Amino acid sequence: MRSLAFNPAGRLLGRIYMALALLIWLTACDRVTPAQPVDRPPPLLLISIDGFRHDYFDLVDTPALDRLVKTGLKADSLQHVFPTKTFPTHYSIVTGVHPGTHGIVANSMWDPVRESRFSMRNRDAVGDGYWYEAAEPIWVTAERQGLIAATYFWPGSEARIHRIRPTYWKLYDASARHSERVEQVLAWMDLPAAERPDLYTLYFSSVDSLGHRHGPRAAQVGRALADIDRHIGDLLDGLQARGLLGNMHILVVSDHGMSSVDLDRYIMLDDYLDLNRVTVSDWGPAAQIWATGQTVEDIMTALDGAHPNMRAWRAADSPARYRFGSHHRVPDVLVEADLGWMISNKPYIAGQGLFSLKGMHGWDPAWLEMHGVFIAHGPAFRAGLRAPAVRSVDLYALMSKLLDLQPAGNEGSLALFQPYLNATEDITLESHAFTCDGELLEARIGPEHMALYWREQAHVLDRLDSEAGRQFEEVDLRFTLISDAVSAYIDGEDLGDCKALAQ
Ligand code: AMP
Ligand code: ZN
Ligand code: ZN
C-alpha cells in the first residue's frame with residue numbers, strides 16, 4: 001500500500017490552482033452555466049440505499065432506477081466485504097479497503113489501544129476521526145486534490161479524517177425527510193461554480209429498517225423502495241432541468257442484502273463460554289470475542305465443534321478471502337453462524353420481550369443474499385451495459401478515476417471496470433452452466449472478471465489468463481476453462497468432475 005500520509009501543502013496548492021483556474025474561466029464566460037468548469041471533472045453523486053438486496057428490483061416498480069439502468073451500467077449484484085454491516089461496508093465503498101485493514105470492523109467495536117468502545121449509535125464516537133484514520137475516504141482524496149465534497153450522510157462523513165471533512169456535511173438524522181435530502185443535493189448543485197461540489201453522497205435507510213422488522217422481500221420493504229425511487233425520480237428530474245443528467249456520474253449502491261432470521265435459529269454463546277471471562281464486542285451473524293479473562297486457546301477449545309451451525313477461528317485463521325487480519329481492532333476470536341443463524345446470549349434474549357427481528361445481515365459476503373446493488377450512469381457509461389457481479393472494494397478506484405484523482409493506497413482495482421469505461425461498443429456477457437459431481441455451478445463472464453455461483457454463494461474472480469486457456473482467480477478460488485473442459489476450486493476445495501450443461 002502507498003503511504004496515507006497527510007499532505008497539507010499539496011492541498012493548499014491544489015486549492016490555489018483551482019481558484020486561479022476558476023478565475024480565468026469565469027472571466028472568459030459572461031454567464032455561469034450549470035456545467036462544471038472545464039478543468040473540473042463531471043460531478044459524481046454516490047447514492048446508498050441501505051439493505052437493498054440485489055433481487056429486490058422485482059418487488060415493486062422502480063421507474064427512476066430503471067431510467068438509470070436503461071441508459072447506464074447495471075451489475076448483476078455488488079459483492080461486499082466481511083462483515084456485511086453498515087459501517088464496515090460503507091467505509092470500504094469509499095476507501096477501497098477491507099474492514100480488517102481500515103479498522104471499522106463492526107457497527108460496535110472495541111479498541112484495545114485506546115481502551116474505548118465504538119457504537120454507531122454513539123454520536124461522539126461516530127464523529128471522532130480516530131476510528132477512521134487507517135484509510136482515506138474518497139471525499140478526503142477529493143478535498144486534498146482541490147475538489148469540493150458534500151455529504152448528505154455517509155458513515156465517517158461527520159468526522160475529521162486526516163484532519164479533513166467534506167466542505168459540506170450533515171449530522172446524521174434518521175428522521176430527515178427524503179424530500180429534504182434530495183432538495184439539499186440539488187441546492188448544492190445550484191451554488192456558484194467556485195463553491196459547488198464535485199462529489200456528493202446521499203443515503204437512505206428505510207429499506208434496511210423495514211427489512212429487519214418484516215423480513216427481506218416483505219411488502220413493507222417494497223413500499224419503502226418505491227418511496228425512495230420516487231424521490232430519486234425527483235432528483236433525476238432536478239438534474240435534467242439543470243442539464244446535468246447524462247453529464248455527471250451517478251452511482252447507486254447498497255451496503256449489503258438481508259436474510260430471514262427467527263428465534264428457532266439462535267445460538268447461545270453462554271452455553272459454551274463463561275461470558276464473565278471474555279469480552280464480546282459485537283453479536284449477531286458473527287461475534288467478535290476478546291480473550292480478557294481466559295486464553296485464546298481455552299476459548300477455541302470451548303467453541304471448536306460446539307454447535308453444528310457455528311464456526312470459530314482465531315482471527316488470523318479466518319478465511320483468507322475475508323481479509324480480516326491486520327488491524328488492532330480485529331478481535332482475538334471470530335465466530336460466525338451459518339446464513340440465517342444468529343449468535344446471542346440468554347440474558348439478552350430474556351430482556352428482549354417480544355421477539356420482533358425478521359431480517360438480518362452480517363454473514364460471509366459471498367452469500368448471494370448478502371449481495372447489494374450496483375448501477376452506474378453518466379458520460380463514461382454506455383447505455384445498456386451489463387456486468388457480472390462487481391466488488392464494492394473496487395469502487396474507490398472507480399470513483400478516483402471518474403473524478404480524475406490520484407487514489408490513495410487501497411486494496412481495490414480498476415481492472416474489471418476498465419473495459420466498461422468509455423466503451424465504444426456493446427459488451428456481451430457469457431453465461432455457462434455445469435454440473436460438478438451432480439451439483440450446479442454457474443458462471444457469468446465479462447471481459448476482465450467473472451462471477452461464480454455455487455451453493456447459494458456468488459464469488460467475483462479476476463481474469464488471469466494462462467496460455468492454455470481462460471483462467472479466473474481470487475484468493476482460495478479458481479476457475480479454468482480450456483475449450484470445453486472446466487475445473488473449479490472454491491475455498492480451496494476442488495469441485496471435481498464438471499460437465500457443461502446444454503444451454
Ligand atoms: P445496519 O443494520 O448495519 O444496516 O445499520 C443501519 C443503521 O445504521 C441505520 O438504520 C441508521 O440508524 C444507522 N446509520 C446509517 N448511517 C449512519 C450514520 N452516518 N451515522 C449514524 N448512524 C448511521
Ligand atoms: Zn446497512
Ligand atoms: Zn441493517
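Guide: The questions below concern a predicted model, its ligand and a few details of its chain.

Visitor: Which residues come nearest to ligand 1?
Guide: Of the 16 residues around ligand 1, the nearest are Thr86, Asn107, Tyr203, Asp208 and His212.

Visitor: What makes the approach of Thr86 to ligand 1 a polar contact?
Guide: A polar side-chain atom of Thr86 is 2.3 Å from an oxygen atom of ligand 1. The cut-off for a pair of N or O atoms is 3.5 Å, so this pair counts as a polar contact. Asn107 has a side-chain N or O atom 2.8 Å from an oxygen atom of the ligand, and for His256 the distance from a polar side-chain atom to a ligand oxygen is 3.1 Å. Both values lie within 3.5 Å, so these pairs count as well.

Visitor: How much of ligand 1 does the protein cover?
Guide: On its own, ligand 1 has 500 Å² of accessible area, and the protein covers 88% of that. The space that ligand 1 takes is the largest pocket.

Visitor: Which helices supply at least two residues each to the shell around ligand 1?
Guide: They are helix H3, residues 86–95, and helix H8, residues 206–214. By class, the shell holds 7 nonpolar, 6 polar and 3 charged residues.

Visitor: Why is the pair of Tyr168 and Trp188 called tilted?
Guide: The structure holds 18 aromatic pairs. In the pair of Tyr168 and Trp188, the ring centres are 6.0 Å apart, within the limit of 6.5 Å, so the rings count as a pair. Tyr168 belongs to strand S7 and Trp188 to helix H7, 20 residues apart, and the pair links distant parts of the chain.

Visitor: Where is the cis peptide bond?
Guide: It joins Phe82 and Pro83, with omega about -5°. Pro83 lies in the loop between strand S3 and H3.

Visitor: What is the phi of His162?
Guide: Phi of His162 is near 50°, a positive value in a residue other than glycine. His162 lies in the loop between strand S6 and S7.

Notes: Residues numbered from 1 in each chain as written. Chains lettered and ligands numbered in written order. Predicted model: local features only at pLDDT ≥ 70, side-chain atom pairs only at ≥ 80, totals over all residues. Heavy atoms only, no water. Near = heavy atom within 4 Å. Polar contact = N/O pair within 3.5 Å; in protein donor to acceptor, adjacent residues only side chain to side chain. Areas by Shrake-Rupley, 256 points an atom, 1.4 Å probe, with all protein chains shown as cover. 1 Å grid on protein atoms, 1.4 Å probe; cavity = no way out; pocket = protein on both sides within 12 Å on 5 of 7 lines; lining within 4 Å. Sits in = over half its atoms within 2 Å of the grid points. Helix = DSSP H or I, 4+ residues; strand = E, 2+ residues; numbered from the N terminus. Nonpolar A, V, L, I, M, F, W, Y, C, P; charged D, E, K, R; others polar. Phe/Tyr/Trp six-rings, centres within 6.5 Å; stacked < 30°, edge-to-face > 60°.
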